[in-house]
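Please read this briefing beside the sequence and the structure shown below. The points are grouped by topic.

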Amino acid sequence: MFGSWFGGKSGLPEGWIALEAEAQLDDAISASFDKPVVLFKHSTRCGISSMAYDRLRRGWEKNQDTFQFYYLDLLRFRPLSNGIAKRFGVHHESPQAIVLEKGQVKSHVSHNQVDFNNF
């Protein structure tokens, strides 16, 4: 029950990709040449992150054609989260959404700013 509410892999909306390995990050960068990619870094223990996750899930239906979406459980995959921060030069925050376009960071938002309207 709580796994799906707090962003457990089984509760991901259709079309979201669970980001769990460095090779998938390379895939996300490549995909960003076709359409913008959102890397959503989510803490399953944080209330603000859970609210951001819920906002994104609710907004997904009208944005799924615009963005490719990758979900990162940063508690389970902290080294990958740190690698993203280092690779793109974006200071880690949680929750955080990083938008990639043509392999580069187009924008990034954190905390209560994580919303499709801010990408």
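Asp54 is buried, with a relative accessible area of 18%, where buried means under 20% relative accessible area, exposed over 50% and partly exposed in between (1.4 Å probe, protein chains only). This is a predicted model, in which local features need pLDDT of at least 70, side-chain atom pairs count only at pLDDT 80 or more, and totals for chains, interfaces and linings use all residues. Residues are numbered from 1 along each chain as its sequence is written, and side-chain values use heavy atoms, with hydrogens and water left out.

Salt bridges

- The side chain of Asp54 meets that of Arg58 in a salt bridge (3.1 Å, N to O), the term standing for a side-chain nitrogen of Lys or Arg within 4 Å of a carboxyl oxygen of Asp or Glu.

Sheet

- An open sheet of mixed pairing is formed by 5 strands in the order β1-β3-β2-β4-β5, with strands (E, at least two residues) and helices (H or I, at least four) taken as DSSP runs numbered from the N terminus, and two strands pairing if DSSP finds at least two bridges between them.
- β1 and β5 stand at the edges with a single partner strand each, so one side of each is left without a neighbour in the sheet.
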